[in-house]
Amino acid sequence: MSVLEGRTALVTGAGRGIGAAVARALAAEGATVMVSDAGVSVDGDGHDAGPAETVAAQINDSGGKAFADATDITDFAACGDLITRAAETLGGFDVMVNAAGILRDGMVFKMSEQDWDAVISVHLKGTFNLTRHAAAWWRENRGGQYRLINFTSMSGLQGAPSQPNYAAAKMGIVGLTFSCANALKGYGVRSNAIAPIAGTRMTQGIKGGGSMDYSDSNARLAPDNVAPPVVYLASEQSEWLNRRVIFAGNGRISLMSNPVVEREIVSASGTWDVPTAFAEIESSFKEAVLWPNIFDKPPAQ
Ligand SMILES: NC(=O)c1ccc[n+]([C@@H]2O[C@H](COP(=O)([O-])OP(=O)(O)OC[C@H]3O[C@@H](n4cnc5c(N)ncnc54)[C@H](O)[C@@H]3O)[C@@H](O)[C@H]2O)c1
């Protein structure tokens, strides 16, 4: 039997790239899927129902069951309507995948207020909008095996220098995901985030592909290669997994660590003075911090 037989899912950003791959994979495993995508440009302009309709039609043509939707996820009220409509149309509402996204890159010292707001609005507020209404529906309809799967990025986890808006939104999504993991566990919800990597129109702008081969011929970086762990998270089998970030793509599925105290200095008296804090911070923390990160440039020769 297919692993998602009888399950129902709403996927945003499902008209293209990773969201489309996830929608196809969920449907191939037996889920009934609402393919939702506003069909905007990579920087968030325009509106086109075509991409969602095309992906839903492909799923239906290949024997799956899908419906199309073109809601703009930045609209709080429209997201509420979408959750109600999805639950009625799909005959339930088990899985929410928040994969919609845009990019407006730029160094922080040049970033416009509009580019900051647009990226925060789609990623962080858009993920909140659907999560908020999904959570209310799950609370009203207790007894299910519900799943919240949000999309974060290594860009946030590692601090991509030219993506301050995107990095901030994606780390905000981690906080939202973790908060929901604790708040909604009692309602049958498991809440986790995926940090993917795949060749899509989002990665086309990376100069020279960076160190990665994003060409269509590289199956390791195909959007379809991100989908299997998302299918796992969507299944009832993932009940044990909550409040974690999973990296997916390029042939890897990685369990990322949650923040833990790495080193700690404790004052015997319970208070600190400045000279002691200077001395203790340097002797205890410095060695742990002085390692190169992926964005450090090699020293000039
Ligand atoms: N591609 C990667 O390597 C990569 C890396 C890290 C994170 N991500 C994340 O994965 C997710 C999918 O990215 P992708 O690479 O497939 O991008 P993509 O551009 O191929 O697809 C994103 C889709 O989201 C839709 N969308 C954007 N704004 C919307 C809005 N306001 N309302 C509804 N739909 C909207 C777009 O129309 C588009 O079809 C995103 O959240 C992205 O940030 C991707």
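Reader: To begin with, how far does a backbone N or O atom of glycine 39 lie from an oxygen atom of the ligand?

Author: The model is predicted, so local features need pLDDT of at least 70 and side-chain atom pairs count only at pLDDT 80 or more, while totals for chains, interfaces and linings use all residues. Residues are numbered from 1 along each chain as its sequence is written, and side-chain values use heavy atoms, with hydrogens and water left out.

The distance for glycine 39 is 3.4 Å, from a backbone N or O atom to an oxygen atom of the ligand. A polar contact here is a pair of N or O atoms within 3.5 Å; within protein, one must be able to donate a hydrogen and the other to accept it, and residues adjacent in sequence count only if both atoms are side-chain atoms. Aspartate 72 places a polar side-chain atom 3.0 Å from a ligand nitrogen, and a polar backbone atom of isoleucine 73 is 3.1 Å from a nitrogen atom of the ligand. The ligand taken alone exposes 830 Å², of which the protein buries 96% (Shrake-Rupley accessible areas, 1.4 Å probe; for residues, only the protein chains shown count as cover).

The shell around the ligand holds 30 residues, the closest being Ile18, Asp37, Tyr166, Thr200 and Arg201 (a residue is near if one of its heavy atoms lies within 4 Å). The shell divides into 14 nonpolar, eleven polar and five charged residues; Ala, Val, Leu, Ile, Met, Phe, Trp, Tyr, Cys and Pro count as nonpolar, Asp, Glu, Lys and Arg as charged, and the others, Gly among them, as polar. Helix α7 gives the most, with three residues (helices are DSSP runs of H or I with at least four residues, strands runs of E with at least two, numbered from the N terminus).

Asparagine 129 sits in helix α4 and is buried, at 0% relative accessible area (buried is under 20%, exposed over 50%, partly exposed in between, with a 1.4 Å probe and protein chains only).

Beyond the site, the whole structure has eight salt bridges (a side-chain nitrogen of Lys or Arg within 4 Å of a carboxyl oxygen of Asp or Glu). One of them joins arginine 7 and glutamate 236, with N and O atoms 3.4 Å apart. Because arginine 7 precedes β1 and glutamate 236 lies in the loop between α8 and β7, the pair ties together parts 229 residues apart in sequence.
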